[in-house]
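Here's a quick tour of the model below. Have a look at it first, then read on for the sheet, the domains and the ligand site.

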Amino acid sequence: MERLTSPPRFMIVSDLDDTMVDHHYDPENLSLLRFNSLWEDAFRHDSLLVFSTGRTLPMYKKLRKERPMLTPDVIITSVGTEIAYGKSIVTDDTWVDIMNHKWDRGIVEEETSKFPELTIQRECDQRPNKVSFFIDKSKAQEVTKELYQRLEKRGLEIKIIFSGGKALDVLPKGGGKGQALAYLLNKLKTEGKLPVNTLVCGDSGNDTELFTIPNVYGVMVSNSQEELLEWYEENAKDNAKIIHASERCVGGILEAIGHFKLGPNLSPRDVYGLLECKEDNVNPGREVIKFFLFYERWRRGEADNCEAYIACLKASCHPAGVFVHPSGAEKSLRDTIDELEKYHGDKKDKKFRVWTDQVLATQTTPGTWMVKLDKWEQTGNERKCCRTTVKFTSKENGGYVWENVQQTWSEEAEIKDDSNWII
Ligand code: GLC
Ligand code: MG
């Protein structure tokens, strides 16, 4: 968040399972990849991406390894009981103190053990300020009421949330996704960085609170759970700032961005004519995003008739421009483009995908730009990631010149193996 010098233009606060990530359809994560390139192209530089999940931090990290997920600016885990910032996931200690107010995990465990209707969830789903169970839907209301009274009598201030038709979480009263968002908004306001627009996105019971925060736009994705839709019917039907999308998961988020006119919602992945040879002066970050989309299509064998784009790309590389491969080997940029030609279709039918994360362009001196990003590449279940830096200069009559490209293996890359890594 430090990189922002003024209030963010937009903030997305999104749930992960069955909202950002589709667990039932879209095994290739195409919708998520569409969202990713849109976010990096149109929003990353002046907006905030917040994930708010019921998952614990370790389970969130596991999901990150399974799906092509972007790095959020803020990560709210364990149903709004933990908040952390940035790529290095720095815990908010003030929030930890708030979560420990009138809370005692031992007492919660003791009282809940008296209810045979409650089945404790796995150990990896438990956290200091979140005790989670499964319960039969028909018993949820009755148990919630009774448990609430018993814990109150024991001097605790708690909150009970029913989600997904089967999960029951016991949290501190001040916790939950809504309270966590209110806290974040307040923190941003104090820092003079209150977002111009905020969009909350969810699909189930633990997301309900997100939609109660004043002045935010909201989208319940098409595949939302009954408990969220019922809450909406009873409490928020007249709120024109909340929609029930007709698209599933992240498709519903793109739909809401368009519906509320919160910014562009056409992903670079969908833009027809992307590979045309066209000078585009928006931002050199876009050049990099476009290039890696081309690169994915090229190796998948999908990019035909790209001669014009390739010629244009080559012409945009400085004749003395150098590419430093993650292995340390140096090559001329133009030779690298030439070499690429022989890889057309080499990843056909190999579930090959490429995505860019944290694309940030900074003007270093007038006419000189530095674009930094993480470039991810996946073949089947194997993933690699390189921290990538591209130096550009702007051409006098529009467009940019690629001066040099430098890559190093990212600490997040599970496989740091030079073979088959072209650029
Ligand atoms: C996530 C968590 C689970 C929790 C549920 C509902 O699935 O893993 O522990 O009960 O969200 O909040
Ligand atoms: Mg969900």
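Predicted model: local features only at pLDDT ≥ 70, side-chain atom pairs only at ≥ 80, totals over all residues.

An open sheet is built from 8 strands with mixed pairing, and the order across it reads β5-β4-β3-β2-β1-β10-β11-β12. At the edges sit β5 (90-91) and β12 (242-244), each pairing on one side only.

Within that order, β1 (residues 10-14) and β10 (residues 197-202) run parallel and are joined by 5 bridges. Helix α7 (residues 226-235) lies across β10, β11 (217-220) and β12, and runs at about 135 degrees to β11.

## How the chain is divided

The chain splits into three pieces: domain 1 takes 11-93 + 175-268, domain 2 takes 102-172, and domain 3 takes 272-409. Going by C-alpha atoms, the centres of domain 2 and domain 3 are 51 Å apart.

## Around ligand 1

Which residues surround ligand 1? The list is Gly54, Val79, Gln121, Asp125, Lys130, Ser132, Ser163, Ala167, Asp169 and Asn206.

An N or O atom in the Asp169 side chain is 2.5 Å from a ligand 1 oxygen; for the side chain of Gln121 the distance to a ligand oxygen is 2.6 Å, and for that of Asn206 it is 2.7 Å. As for cover, ligand 1 taken alone exposes 300 Å², and the protein buries 79% of that.

Notes:
Residues numbered from 1 in each chain as written. Chains lettered and ligands numbered in written order. Heavy atoms only, no water. Domains from an automatic or database assignment. Pairing = 2+ DSSP bridges. Helix = DSSP H or I, 4+ residues; strand = E, 2+ residues; numbered from the N terminus. Contact = heavy atoms within 4.5 Å. Axes fitted to C-alpha atoms, helices over the stretch in contact; angles between N-to-C directions. Near = heavy atom within 4 Å. Polar contact = N/O pair within 3.5 Å; in protein donor to acceptor, adjacent residues only side chain to side chain. Areas by Shrake-Rupley, 256 points an atom, 1.4 Å probe, with all protein chains shown as cover.
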